[in-house]
Amino acid sequence: MDKKYANWSERRNLLIKLQGQLLQYFPEEDYNVIIFGSYIRADFDVGKSDIDIIVYAEDEKKQEKVGGFVKKFFQKEEISSDVLLYSFNPFGFIFLFGIMNGYKLTEYYPRTLKAELYQIHKCYERYLKEKNEEKKYDRWKRILEKG
């Protein structure tokens, strides 16, 4: 693979292309695709880093179809990807981190998801307290409580 996605501008343009194709093939915005991790940060290393993706939809079949579409899209671009299909788990911290800090490709963000993320956040707070660790991501609490 060449270095064509070495800068954010090129990677963002690829996400815009993906967004356009998603809306063409799945025009109802009853799902969301969230890009997170190094792909949207400065530490993305072309050829070594992969792209981390969360797919959220309340309909499991739709979620699987969108997830498969996204996986194939990045395979064609020769970018390794980890496509995670969201499912609620109070200890699913990766989903909390990814969704709250990720680049969302649609506006779909239902109350159900907000409520589940709030529950995950509460579990994360308990986990940190138990581990006597410093709280991270305090802004999440404010964002989720606004919902």
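User: Is Lys62 buried or exposed?
Analyst: In this predicted model, local features need pLDDT of at least 70 and side-chain atom pairs count only at pLDDT 80 or more, while totals for chains, interfaces and linings use all residues. Residues are numbered from 1 along each chain as its sequence is written, and side-chain values use heavy atoms, with hydrogens and water left out. Buried means under 20% relative accessible area, exposed over 50%, and partly exposed in between (1.4 Å probe, protein chains only). Because its relative accessible area is 12%, Lys62 is buried.

User: With which residue does Lys62 form a salt bridge?
Analyst: A salt bridge is a side-chain nitrogen of Lys or Arg within 4 Å of a carboxyl oxygen of Asp or Glu. For Lys62 the closest N and O atoms of such a pair are 2.6 Å apart, and the partner is Asp30. The pair links distant parts of the chain, 32 residues apart: Lys62 belongs to helix 2, and the loop between helix 1 and strand 1 (31-36) holds Asp30. Helices (H or I, at least four residues) and strands (E, at least two) are DSSP runs, numbered from the N terminus. At 31% relative accessibility the partner counts as partly exposed; it is Asp30.

User: Which residues does the network of salt bridges that includes Lys4 join?
Analyst: Lys4 and Glu77 form a salt bridge, with the closest N and O atoms 3.8 Å apart. This pair spans 73 residues, from the segment before helix 1 to the loop between helix 2 (60-76) and strand 3 (81-85). Lys4 is partly exposed because its relative accessibility is 37%, whereas Glu77, at 11%, counts as buried. Salt bridges that share partners join into one network Lys4, Lys17 and Glu77.

User: How far from Arg11 is the nearest side chain of opposite charge?
Analyst: Arg11 lies in helix 1 (residues 8-25), and a polar atom of its side chain is 2.7 Å from the backbone oxygen of Tyr39. Lys and Arg count as positive and Asp and Glu as negative; His and the chain ends are not counted. Arg11 is buried yet has no salt bridge. The nearest side chain of opposite charge is that of Glu10, at 7.0 Å.

User: Leaving aside neighbours within four places in sequence, with which residues is Glu116 in contact?
Analyst: Glu116, in helix 4 (residues 111-130), is buried without a salt bridge, and the nearest side chain of opposite charge, Lys114, is 13 Å away. Contact means heavy atoms within 4.5 Å. Leaving aside those sequence neighbours, Glu116 is in contact with Tyr86 and Phe88.

How values were computed. A polar contact is a pair of N or O atoms within 3.5 Å; within protein, one must be able to donate a hydrogen and the other to accept it, and residues adjacent in sequence count only if both atoms are side-chain atoms.
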